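Please read it beside the model.

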Amino acid sequence: FGKNATIKSKFTNDFIPEGVEIIGKFAFDGRVLTEEITIPNTVTTIEYGAYQSTRIPSIIIPDSVTKMENGIFQYCEKLTSVTLSNNLKVIDEWTFASCKLLTSIIIPDSVTMIKERAFNNCNVLASVTFGPNVTFIDDIAFQSCLALNNLVFPESLRIIRYGAFANCQNLTTFNVGKNVRYIGLEVVADTPALTSIEVDAANKHYDSRDNCKALIDTKMNSIINGCKNTTVPNSIVDISSGAFRGSSIETITLPASVTDIGNSVFNGCSALKTVTIKGELTVITDYCFRYCTSLLEVDLPDSIMMFGSYAFGQCSALTNITLPESLVSISSYAFDGCTSLVRIIIPESVTQISNRTFRGCNNLTIYAEATELPPNWSNSWNPENRPVYWYSEEPNPDGNHWHYVDGVPTVWA
């Protein structure tokens with residue numbers, strides 16, 4: 001093997017000869033390699049998927065390597081130890097994705113970028129030591145690193161993109177340095193152990209004002225991410241999509257300043273029991289409280305005009321909810337799987353109900369303030385054929401109509 005030698009796809013030997021400079025695409029893909037691979041210090045480049053799906057237990061990347069393409073070690077489910085080149089600048093997409101026995105990684109000083117899904121689904125990765133020059137962590141780079149429990153970011157860090165540490169279920173704290181200027185949505189979504197979010201007071205773009213334990217976009221007065229112990233400051237006007245998704249928060253009050261919330265804000269908050277909304281929200285968004293399986297009470301303001309799809313889907317502990325008279329539209333599956341809901345009064349203001357709104361509400365009785373089926377209610381709005389009664393001021397003992405007696409819905413007898 002002379003100068004510029006390349007190992008090509010499906011190389012048949014288990015060792016790499018001296019003189020090789022490039023390990024080509026899929027060179028060892030799927031091979032049953034069970035011993036440490038020695039890479040000679042003549043190698044400068046490792047191409048796409050070179051070692052993916054092998055069973056190597058450990059590997060040392062020599063300092064001669066300056067470029068590693070994406071997916072090189074993905075699905076190496078026996079890989080426990082990696083030493084990276086001190087001249088590597090980028091850890092590319094999917095490089096170590098689903099290396100399910102990798103417990104720790106040291107990012108060399110030379111690395112500036114960690115790209116999309118680089119360590120995604122490394123289930124037992126508990127320790128990441130970032131070098132002092134990392135500036136960029138890409139989308140879902142460390143998503144589902146279930147054991148990851150301590151993060152210390154370098155001052156060089158500028159950008160953390162969407163869901164970078166989502167579903168890191170053992171993560172307890174998340175501290176943002178003074179030089180971070182962009183953080184994507186749901187960066188720490190689905191982190192039930194997370195109890196504290198703190199932002200350096202010198203950061204010009206984000207803050208955690210009033211010791212609120214939340215990540216706030218300073219200019220927009222918007223909560224990007226919250227956690228179990230978050231309280232919402234009175235200065236907040238917006239809560240971003242997925243901000244509390246999968247957190248362990250138990251109770252929350254949205255102050256009067258909050259006028260907008262994104263989709264899936266509390267989706268999967270299985271410990272959430274009570275919600276108080278003081279502001280003039282107009283929409284309970286899609287998936288807003290889905291899978292809030294402990295939710296007992298929601299205090300809704302009179303400004304609400306619409307429930308989005310699956311807004312209260314699978315809120316299996318919810319027994320009662322008062323719909324405001326401002327409500328106009330209820331979207332598909334809004335109350336899907338609310339198995340404990342026993343009674344609901346649909347205000348006369350509701351002119352539109354989409355399909356399967358009450359699917360799976362097996363114990364529900366429905367009282368509609370409309371006197372008959374409105375024309376814009378879907379034919380499948382009540383797919384379980386739960387009992388429905390229509391309002392009538394005049395006595396109507398046909399068994400299909402109701403009225404109020406001391407404020408209680410009562411079927412005419």
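How many nonpolar, polar and charged residues does the lining of the second largest pocket have?

1. By class, this lining has six nonpolar, two polar and three charged residues. Here Ala, Val, Leu, Ile, Met, Phe, Trp, Tyr, Cys and Pro count as nonpolar, Asp, Glu, Lys and Arg as charged, and the others, Gly among them, as polar. The model is predicted: local features need pLDDT of at least 70, side-chain atom pairs count only at pLDDT 80 or more, and totals for chains, interfaces and linings use all residues. Residues are numbered from 1 along each chain as its sequence is written, and side-chain values use heavy atoms, without hydrogens and water.

2. The second largest pocket holds about 170 Å³ of space. A pocket is an open set of points on a 1 Å grid over the protein atoms alone, where a 1.4 Å probe fits, with protein on both sides within 12 Å along at least five of seven lines; lining residues have an atom within 4 Å of a point. Points are joined across faces, edges and corners, and the volume is the space filled by probe spheres set on them. Among the lining residues are Asn-320, Arg-343, Glu-369 and Tyr-404. Strand 28 (residues 343-346) gives the largest share, three residues.

3. The largest pocket has a volume of about 210 Å³. Of its 13 lining residues, Phe-153, Glu-155, Val-176, Gly-177 and Lys-178 lie nearest the centre. Its lining divides into seven nonpolar, three polar and three charged residues.

4. Turning to the sheet, five strands form an open arrangement in the order 17-18-19-20-22, with mixed pairing. Strand 17 (206-207) and strand 22 (260-261) stand at the edges with a single partner strand each, so one side of each has no neighbour in the sheet. Strands are DSSP runs of E, at least two residues, numbered from the N terminus; two of them pair if DSSP finds at least two bridges between them.

5. Strand 17 and strand 18 are antiparallel and pair over two bridges; Tyr-206 has Asp-217 of strand 18 as its bridge partner. Strand 18 (residues 215-217) also runs antiparallel to strand 19 (residues 222-225), joined by three bridges, and Leu-215 is partnered by Asn-225 in strand 19. Four residues lie between the strands of this hairpin, where Asn-221 takes a positive phi near 50°.

6. Strand 19 and strand 20 (residues 238-239), in contrast, run parallel and are joined by two bridges. The bridge partner of Ser-222 in strand 20 is Asp-238.
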